[in-house]
There are 2 protein chains.
Amino acid sequence: MKLVTQIRFGIRILLDLAMHQHDGVVQMTDIATRQKTSLKYLEQLVRPFKEAGFVTSRRGRNGGYCLARSPQKITLAEIIRVFEKGDAPDESGPDMKDSGYSEYQDILIREAWDEARQAFYNRLEKVSLSDLSADTTKKLWGNSDLLIFI
Amino acid sequence: MKLVTQIRFGIRILLDLAMHQHDGVVQMTDIATRQKTSLKYLEQLVRPFKEAGFVTSRRGRNGGYCLARSPQKITLAEIIRVFEKGDAPDESGPDMKDSGYSEYQDILIREAWDEARQAFYNRLEKVSLSDLSADTTKKLWGNSDLLIFI
DNA sequence: TTGATATAGATTAAATTAATATATATTGCA
DNA sequence: TGCAATATATATTAATTTAATCTATATCAA
């Protein structure tokens, strides 16, 4: 239930890509500079996004990353799920073979927990990358309906 | 987002107390035996419940713990909140003094996160200790409407 | 061919969680 | 009265997870 920096910076990377789409590919060096953090750390965070198909990349000179889908179609729920490990609902819980009531109660507890987590993700499903970046431009440039990107 | 054993055993303790209310106070030794775990670990987990007013205790010979409220009135949401540290919504986030857009986006991210967490807890608010223990007795003794506790 | 970039994996450091240990304070009971 | 059973408090160790860095390699464009 903690918003760890892994997730925070993961979202930051995708937001940065979203806000620089018009530049074509974006180099991690630039993102690291803008976000004032280590290149190596970001590289390690962007890899799962690559594997999950959120971003595409080009190697070599003038290489870089860009979003594989439009920012409207990428939700916070999907992003955060990328970093979830070892707590999937299907995770093999206690075995009911030699179970006492404690083991059965663990199952009830997990059921409740999984439903609550579902509610958590349902809420995040409603927020897309473009929601966040739109709010940000509004904050940066004022509430103008006419925004021209140079 | 992970169901850690701290929380799992925390709930187990309260459930154990709920299911042995008719015995008066319950000793942690007995719970440790029933739950097949270390007394010392459980003692450490029950303390926050004491501080939060979920249980009362009696020292000395024939001492022990018992629930301070009826199991219908204790929800999973409250229980789990007891173990939440360092991630309160009011936690002092990034300071907007010298902020660039990244810091502003962090705030947006946190807002979304906090709303999702709220949804999480709202769901757990609906499950009480007695819900869990009722389901357990049903499992143990069959779906009988007449249950006589000896 | 060279420099800029992504990719991969290993490594170290810090923080959190899990579990145990030691010592003390209370209380009931024989 | 004093002993044994219990809770309380704090400290310690071990395991796991998260954060961040380092080193080496593959690929591409100029």
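## Close-up views of a predicted protein–DNA model

**View 1. Helix H5 of chain A packs against helix H1 of chain B.** The axes of H5(A) and H1(B) lie 11 Å apart, and the two helices pack at an angle of about 120 degrees. Axes here are lines fitted to C-alpha atoms, for helices over the stretch in contact, and angles run from 0 to 180 degrees between N-to-C directions. H5(A) is therefore oblique to H1(B); angles under 35 degrees count as roughly parallel, over 145 as roughly antiparallel, 65 to 115 as roughly perpendicular and the rest as oblique. The crossing of this pair, H5(A) and H1(B), is right-handed (the near helix is turned clockwise from the far one by less than a right angle). H5(A) contributes A:Ser102, A:Gln105, A:Asp106 and A:Ile109 to the contact, while H1(B) contributes B:Arg8, B:Ile11, B:Arg12 and B:Leu15. Residues are in contact if their C-beta atoms, placed from the backbone, lie within 7 Å. By class, this contact of H5(A) with H1(B) has three nonpolar, two polar and three charged residues. Ala, Val, Leu, Ile, Met, Phe, Trp, Tyr, Cys and Pro count as nonpolar, Asp, Glu, Lys and Arg as charged, and the others, Gly among them, as polar.

The model is predicted: local features need pLDDT of at least 70, side-chain atom pairs count only at pLDDT 80 or more, and totals for chains, interfaces and linings use all residues. Residues are numbered from 1 along each chain as its sequence is written, and chains are lettered from A and ligands numbered from 1 in the order in which they are written.

**View 2. Helix H5 of chain A also meets helix H6 of chain B.** The axes of H5(A), residues 101-124, and H6(B), residues 129-141, come within 10 Å and cross at roughly 130 degrees. Helices are DSSP runs (H or I, at least four residues) and strands likewise (E, at least two), numbered from the N terminus. H5(A) and H6(B) are therefore oblique to each other, and their crossing is right-handed. On H5(A) the contact involves A:Tyr101, A:Tyr104, A:Gln105 and A:Leu108; on H6(B) it involves B:Leu132, B:Asp135, B:Thr136, B:Lys139 and B:Leu140. Five of these residues are nonpolar, two polar and two charged.

**View 3. Chain A touches chain B.** Here 35 residues of chain A are in contact with 35 residues of chain B. H5(A) provides the largest share of the chain A side, 18 residues. That side divides into 18 nonpolar, five polar and twelve charged residues.

**View 4. Strands S1 and S2 of chain B form a hairpin.** S1(B), residues 55-58, and S2(B), residues 64-67, run antiparallel and are joined by four bridges; strands pair if DSSP finds at least two bridges between them. B:Thr56 stands opposite B:Cys66 of S2(B). Five residues lie between the strands, and B:Gly60 takes a positive phi near 70 degrees.

**View 5. Residues surround DNA strand C.** A residue is near a strand if its C-beta atom, placed from the backbone, lies within 6 Å of it. H3(A) gives the most to this surface, with four residues. The surface near DNA strand C divides into four nonpolar, 14 polar and eight charged residues.

Conventions: Two residues are in contact if their C-beta atoms, placed from the backbone, lie within 7 Å.
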